[in-house]
Amino acid sequence: MKLGLFFGGKSFEHEVSCASAKSIYEEIDRSKYEVTLVWIDPNGVWFHLIGTPNFDAPELGEREVYESRKLDVAFSILHGPFGEDGPMQGYFSLFNIPFVGPDLRTSAICYDKALTRKLAGLKAPKWLLYSGQSYDALAEKLGEVIYVKPNRSGSSVGISRVKSARQLQEALDLAGRYDDSIIIEQEIRGKEIEIAVLGNKNPKVSLPARVIPKGAFHSYETKYLDPNGVVFQIPAELSQNKIAEIQELAIEAYRNLGCEGFSRIDFLLDGEERVFLNEVNTLPGFRKTSTYPRLWALSGISYSNLIEELIDLALERQARRESLALGELQRVAQAAR
Ligand SMILES: Nc1ncnc2c1ncn2[C@@H]1O[C@H](COP(=O)(O)OP(=O)(O)O)[C@@H](O)[C@H]1O
Ligand SMILES: [Mg+2]
């Protein structure tokens with residue numbers, strides 16, 4: 001089977017994507033899948049890597065300009081904008097290539113924090129889209145400590161925790177560099193929980209993980225720069241009831257948002273362990289040591305089996321889509337012309 005592995009990309013998560021691709025390439029069963037490596041450089045130019053790939057510096061390896069070729073399935077692991085938010089999913093759909101993960105619609109929705117919260121149907125921190133309010137007005141509505149985020153972003157880029165009018169101005173300037181819409185929300189202090197969901201129509205859910213960052217929140221620094229910035233408690237130490245509740249909520253959000261293939265659902269628990277939805281990641285970090293694969297390893301699904309399961313889910317969805325009457329409608333339209 002010819003598999004296209006797409007990675008890199010124009011986003012600030014370029015390196016993270018290369019690291020995910022490296023793990024996939026190293027662990028995928030090469031007797032089953034013939035892998036074409038497609039590296040998208042930071043300027044958005046597509047290359048086909050030939051020879052031994054260098055995932056730390058793909059620009060140093062042998063490559064040729066990529067021309068679309070026949071693929072049986074695509075695995076795009078482009079985290080962040082220009083990849084996770086819909087365009088790659090649209091590209092594969094246009095060319096009828098089955099692909100891993102949620103479709104264009106769900107990818108775009110989940111990359112938009114406000115839309116996710118509206119459509120997931122779960123309790124979330126109180127939030128609003130910024131429209132010129134003063135710090136005092138925001139604090140009255142959301143509490144004295146608020147989070148200011150680009151509405152569409154990832155890896156904590158552009159996010160600030162704000163406690164004063166002066167910090168608010170700085171935070172707005174920062175977030176405004178990444179998106180022209182800014183979401184502001186209530187802080188939920190307690191536990192940060194991540195959980196993995198896998199499947200199409202009948203998804204299964206893992207045990208939850210707990211993320212314990214060193215500073216006040218899980219920032220870009222604690223995610224990538226400080227090797228001791230965060231502790232992952234896998235699985236999270238929670239009561240059986242709480243675990244069951246979180247698992248049920250994760251499945252509910254997954255279904256309501258139309259997720260397919262995989263997604264990682266992130267929650268915040270307050271002091272009384274009430275559960276709030278934070279966000280949904282439709283292309284979760286996918287190094288072998290990332291939370292998503294580690295959670296499945298707990299349930300006995302190895303990293304290479306996980307890759308295979310994702311590919312099978314992509315093929316299953318494609319077959320289902322092709323069995324719909326869409327082709328028939330096209331023929332009707334043509335006949336009517
Ligand atoms: N409402 C909130 N209350 C408490 N902590 C939050 C809240 N929103 C975000 N955080 C903290 O900020 C981090 C990044 O925010 P998140 O919404 O997950 O953005 P990203 O898409 O960049 O990962 C979270 O992992 C968490 O540590
Ligand atoms: Mg997050």
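How many nonpolar, polar and charged residues does the shell around ligand 1 have? By class, there are seven nonpolar, seven polar and six charged residues. Ala, Val, Leu, Ile, Met, Phe, Trp, Tyr, Cys and Pro count as nonpolar; Asp, Glu, Lys and Arg count as charged; the others, Gly among them, count as polar.

This is a predicted model, in which local features need pLDDT of at least 70 and side-chain atom pairs count only at pLDDT 80 or more, while totals for chains, interfaces and linings use all residues. Residues are numbered from 1 along each chain as its sequence is written, and chains are lettered from A and ligands numbered from 1 in the order in which they are written.

**Domains**

- The protein chain is divided into domain 1 (2–100), domain 2 (126–186) and domain 3 (191–301). These bounds come from an automatic or database domain assignment.
- Domain 1 and domain 2 have C-alpha centres 34 Å apart.
- Their contact takes eight residues from domain 1 and four residues from domain 2. Two residues are in contact if their C-beta atoms, placed from the backbone, lie within 7 Å.
- The side of domain 1 that touches domain 2 has three nonpolar, two polar and three charged residues.

**Ligand 1**

- The shell around ligand 1 draws residues from both domain 2 and domain 3, so ligand 1 lies between them.
- Pro125, Ser156, Ile188, Phe217 and His218 come nearest, out of the 20 residues around ligand 1. A residue is near a molecule or strand if its C-beta atom, placed from the backbone, lies within 6 Å of it.
- Four strands each supply at least two residues of this shell: strand 7 (146–150), strand 9 (182–186), strand 13 (261–269) and strand 14 (275–281). Strands (E, at least two residues) and helices (H or I, at least four) are DSSP runs, numbered from the N terminus.

- Five strands form an open sheet in the order 4-3-2-1-5, with mixed pairing. Two strands pair if DSSP finds at least two bridges between them.
- Strand 4 (63–65) and strand 5 (73–76) stand at the edges. Each has a single partner strand, so one side of each is left without a neighbour in the sheet.
- Neighbouring strands of this sheet are turned by 30° against each other on average, direction ignored.
- Strand 2 and strand 3 run antiparallel over four bridges. Leucine 37 has leucine 49 in strand 3 as its bridge partner.
- Strand 2 and strand 3 also form a hairpin, with five residues between them. In the turn, glycine 44 has a positive phi of about 95°.
- Strand 3 (residues 46–49) is joined to strand 4 by three bridges, and the two run antiparallel. Here phenylalanine 47 has valine 65 in strand 4 as its bridge partner.
- Helix 1 (residues 14–27) lies across strand 1 (2–8), strand 2 (34–40) and strand 5. Helix 1 runs at about 150° to strand 1. Axes are lines fitted to C-alpha atoms, for helices over the stretch in contact, and angles run from 0 to 180 degrees between N-to-C directions.

- An open sheet has the strand order 6-9-7-8, with antiparallel pairing.
- Strand 6 (127–129) and strand 8 (160–162) are the edge strands. Each has a single partner strand, so one side of each is left without a neighbour in the sheet.
- The twist averages 25° from one strand to the next.
- Strand 7 and strand 8 run antiparallel and are joined by three bridges. Isoleucine 146 stands opposite valine 162 in strand 8.
- Helix 5 (residues 135–142) lies across strand 7 and strand 9, at about 50° to strand 9.

- Six bridges pair strand 10 (residues 191–199) with strand 11 (residues 204–213) in the antiparallel sense. A hairpin of four residues joins the two.
- Isoleucine 193 stands opposite arginine 210 in strand 11.
- Strand 11 and strand 12 (residues 230–233) run antiparallel, joined by four bridges. Isoleucine 212 has valine 231 in strand 12 as its bridge partner.

**Helix packing**

- Helix 4 (residues 113–120) and helix 8 (residues 240–257) pack at about 105°, with their axes 9 Å apart.
- The two are therefore roughly perpendicular to each other. Angles under 35 degrees count as roughly parallel, over 145 as roughly antiparallel, 65 to 115 as roughly perpendicular and the rest as oblique.
- Thr116, Leu119 and Ala120 in helix 4 meet Ala253, Asn256 and Leu257 in helix 8. This contact has four nonpolar, two polar and no charged residues.
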